[in-house]
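Dear colleague,

Please find below the structure that I am handing over to you.

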Amino acid sequence: MSPAEALPKIYDPLGTEARWQQAWEQQAAFHPDPQAPGEPFCVVIPPPNVTGSLHMGHAFNTALIDTIVRFQRLRGKNVLCLPGTDHASIAVQTILEKQLKAEGSSKEHLGREAFLERAWAWKAESGGTIVAQLRRLGYSVDWQRQRFTLDAQLNTAVVEAFVRLHDQGLIYRGEYLVNWCPASGSAVSDLEVEMKEVDGFLWHFRYPLASGPTADGTTHLEVATTRPETLLGDTGVAVNPSDQRYAALVGQTLSLPLVGRLIPIVADEHVDPGFGTGCVKVTPAHDPNDFAIGQRHGLPLITVMAKDGSMNAAAGRFEGLDRFEARKAVVAAMEAEGFLVKVEPHRHAVPYSDRGKVPVEPLLSTQWFVRTEPLASRCRGALANPAGAAPQFVPERWSKVYRDWLTDIRDWCISRQLWWGHRIPAWFVVSETAGEITDSTPYVVARDQAEALAKAEAQFSGGSPGQPVQIEQDPDVLDTWFSSGLWPFSTLGWPDGAALDLAKWYPTSVLVTGFDIIFFWVARMTMLAGVLDPRGVGEPWIPFADVYIHGLVRDEQNRKMSKSAGNGIDPLLLIERYGADALRFALVREVAGAGQDIRLDYDRKTDSSATVEGARNFANKLWNASRFALMNLGGETPASLGDPDPAQLQLADRWILSRLARVNQETAERYGNYGLGEAAKGLYEFAWNEVCDWTIELLKRRLHVPAELEGAAREAALADQRSARQVLAKVLNELLLMLHPLMPHLTEELWHGLRGAPIETLLALQPWPALDQAALDSELEELFAETIELIRMARNLRATGGLKPGQKVSLVAITTSRPELQRVLELAVPDIEVLVKAERVEVFSSMPELPRSLMGISGSAQVQLQLPEQDLAALRSRLEKDLAKAEKEIAGLAGRLANPNFADKAPAEVVAECQANLAEAQAQAQLAQQRLADLG
RNA sequence: GGGCGAUUAGCUCAGAGGUAGAGCACUACCUUGACACGGUAGGAGUCACUGGUUCGAUUCCAGUAUCGCCCA
């Protein structure tokens, strides 16, 4: 910050922010030493997808995390905030395959090795985007510890985790219905599937009884389905056992139309008799519910679709058709052959692949799974045990969502038929199955090829005598979330047990993330940490002490922001327009109770946001308050001025120093309890209303020593000026420290300007201001607030009397029956003179006769303004207003007191207060009436 | 269908068993020696609805409606 005179009137965030971001990074300000003293505090950031670019959700998450870690740093903790990105298997592979297709090539054509080279090249080129964007928010992370889920060390962690889980029987290879995404040609987990409501149809079909009509003439059953093409794979029809309509038919056989297969009618509890016809066709290989029914009744599994979503040979004449074409063809054939009963429009939920954006196909296939129940039960146990290592959710209600999800959890399919990712550390012993990998090829799991070969050789002979054992690594990779699940400890050096970072900062202090990710991520981290016990010392194994769950940023119409809806608001645009500090402050200030969504107002025509603009205005207000200080501190700094001398303090000084201490206390508590929005709001109000509106206005009188003063009067004025400077410097200095977690760049800039500190001395690394207990004076705060109200009333009377802004009042008379208030008011006389623009201010304990003055009543105090000319109409309207207000109050209070139940049952102090208020209101009303009468 | 959340000023949201608050927007005046991204003053609400508990409910409880999210 340059000399005050040269300071522009308007703060320009852009250059300033870049400068401090560079200074922090160059000085490695946020690169902590694990061996340094200080209580550890650690946050690993939720790693954004490496393909991504910054969206409002990242900005929000970042604003919250950075506020927390910057606060903890000011509190003297040894803080590590660790950044990184994840490799996003499917997203990256989709991008690259699209590129290859455009070039007329394909990944198969390129081969695995070349494809991966290309993927790394792509990552080197484009993967830095989001990281650069995070820097622009002023994120105080340790960039030297930046991690990527495919880093060699993190890969080691993934392999180690896989091997250990496998050795404990927690990873298995099995055949199961998986969610198959035909677009990406890979299995996806349950969590990567999104249910979407779509308008479809319910087709009713007739399935004839194989043995002809029954005694009562029934010739067929009617089934209803939303997916006609799967009927080719039907191996049964199920009805509810309690359904009287079909009870007699259970056990009979139907002839499957178009195919002719004989399929049984079974009774199963899970059939809803009220849905459709109450008869469900069962296709165990193509539907998870049907799979379960099939298991219970021993129905065969017939797969009629290939992995690309087309019909296979088992579909007979429909072979080769895409699943959606096949649907039409099957319906047409059923109609032609007289099996179609009717078609009804039907809205239902269809599972879509998150990434592929096409309906997923439940497909029977052999995949790797994590057996989740043992992992989940450990987490549930910790949650149930109050002294246990369960994470503390903020707000608490999310712990229920977490627990519910850990209950009845399904096994986690972790293999993906992709190339970009962590290759599964399993090797098939292909020499056992004639060089081919089949579902029955035996395998070994090992940390590397050599270990795998050794294991294989120990177990297998080589197929035929004299043949060497041959192994081949599983071509698949692991679900990206498998590596993300290790993030809190893999980033700190696990599985290296000697890693200093792990010893210092694990378990981490808090995980900050959106509620949409509790299942995806939070539960997987706790499950994996539970089984791997990263510190190897037993408890506490939970990877984070607290989990702070925040809401989502919604658009101006309260819609979730998403790429597909195109309703995202670009944080970078807002940063360029208003500054990163303004965006951060606006986002945090909007957070009320934790966990609530926030709505960001936004005008798409002008790319402007009133909310962020408000925060920008606040930054400018602080800029100008500091500018004022620089112009008025006479070249001194908070350090050269020193703390104010208590003996020299004036009333207003004692008030603001008490307020400052109070705000210090409240703010530290709020920051520490995740009450970030409350902290932001509290500081905003303190800075704007109390510091700028009152303190600076009150100090102006004393900061300016008139040139004409001489001798002792001048000495006294100079001493008072110094005291005022000390107060101003102290208040501003502490305010900047307290605001720093929210607006790091601006406060760093202003603090340097104020202190004249060298660039190497960073505000970010200063200690939080010590709480000045002695300054706290709640009585003074109350009395001064009253004084402010009386000044407001006097100003209001000026307006009522129609005074011009510059016009002086000849006399302001304030009357109060409270002696302590009277004392404070007397001390404040010089201030009131300036603020009300009065020639004279006097304080009375009983009201003086000032006929035809303007009078206002507030509580037990009255303010009278003697004006040069009296406007009788204004006088009267003012009095009538006060009278009306008092009478309304009297009516309410008297009504309450008149209720005998109130007097009997309400607490005595409430009744007494009510009576006192009534008496006061009556006195006010009487006074006003009398004055009105005097006016005639 | 199950669960969770929301409903308070024109807008975005706080709040608390005892007479309703902020910011923005609005109105009037003001370019005053920090700031017009500003100042001073002002207007503005049946606290979604219906019951219950209570001396007293906008606040606690139950139900209803609307909106949103998650899970099936």
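How many aromatic pairs does a search of the whole structure find? The search finds 30 aromatic pairs; rings of Phe, Tyr and Trp (its six-membered ring) pair if their centres lie within 6.5 Å, and planes under 30 degrees apart count as stacked, over 60 as edge-to-face and the rest as tilted. W655 and F784 are a stacked pair, because their ring centres lie 4.4 Å apart with the planes at 20°. This pair links distant parts of the chain, 129 residues apart: W655 belongs to helix α21 (residues 651-672) and F784 to helix α25 (residues 778-800). Helices are DSSP runs (H or I, at least four residues), numbered from the N terminus.

W655 is buried at 2% relative accessibility, and F784 is buried at 3%; buried means under 20% relative accessible area, exposed over 50%, and partly exposed in between (1.4 Å probe, protein chains only).

Y684 and W688 form a tilted pair, 5.5 Å centre to centre with 40° between the planes. R589 lies over the face of Y684, at 4.3 Å from the ring centre; a charge sits over a ring if NZ of Lys or CZ of Arg is within 6 Å of the ring centre and within 35 degrees of the ring normal.

The model is predicted: local features need pLDDT of at least 70, side-chain atom pairs count only at pLDDT 80 or more, and totals for chains, interfaces and linings use all residues. Residues are numbered from 1 along each chain as its sequence is written, chains are lettered from A and ligands numbered from 1 in the order in which they are written, and side-chain values use heavy atoms, with hydrogens and water left out.

Conventions: Helices (H or I, at least four residues) and strands (E, at least two) are DSSP runs, numbered from the N terminus.
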